[in-house]
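User: Could you take a close look at one part of this model for me? I would like to hear about the salt bridges and their surroundings.

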Amino acid sequence: MGVIVNKENSQDNELSRRIDADLRSKLSGNSRTEAEDPDLAEDAAYLKDLKKTSKFGWVWIVLIVLAILSLISIFAF
């Protein structure tokens with residue numbers, strides 16, 4: 001046997017309304033774009049002397065794949 005209880009509590013509704021309003025205000029205050037909130041990962045000390053990969057970085061990948069394929073073909077046959 002079950003009991004269905006419908007309870008209108010104005011305090012619960014008021015509390016829910018205030019929590020919703022607070023969360024909405026925090027959400028709208030935290031919505032920044034990337035330009036306003038930079039990552040700053042590239043400013044880290046360990047990245048100070050590193051250079052970005054040039055436009056020919058893909059050549060190294062091709063050479064490594066070819067070397068692996070040649071090693072497989074040498075040892076497989």
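Analyst: Glu14 and Arg17 sit three residues apart in helix 1 (residues 10-30), about one turn of the helix. Helices here are DSSP runs of H or I with at least four residues, strands are runs of E with at least two, and both are numbered from the N terminus. Glu14 and Arg17 form a salt bridge, with 2.5 Å between the closest N and O atoms; the term asks for a side-chain nitrogen of Lys or Arg within 4 Å of a carboxyl oxygen of Asp or Glu. Before going on, please keep in mind that this is a predicted model, where local features need pLDDT of at least 70, side-chain atom pairs count only at pLDDT 80 or more, and totals for chains, interfaces and linings use all residues. Residues are numbered from 1 along each chain as its sequence is written, and side-chain values use heavy atoms, leaving out hydrogens and water.

Glu14 is partly exposed, at 37% relative accessible area, and Arg17 is partly exposed too, at 49%. Buried means under 20% relative accessible area and exposed over 50%, with partly exposed in between (1.4 Å probe, protein chains only).

The structure holds two salt bridges, and the other one joins Asp22 to Lys26, whose closest N and O atoms are 3.7 Å apart. Asp22 and Lys26 are four residues apart in helix 1, so about one helical turn separates them. Asp22 has a relative accessible area of 37% and is partly exposed, as is Lys26 at 48%.

As for the setting, the protein has two helices and zero strands, and of its 77 residues, 1% count as buried.
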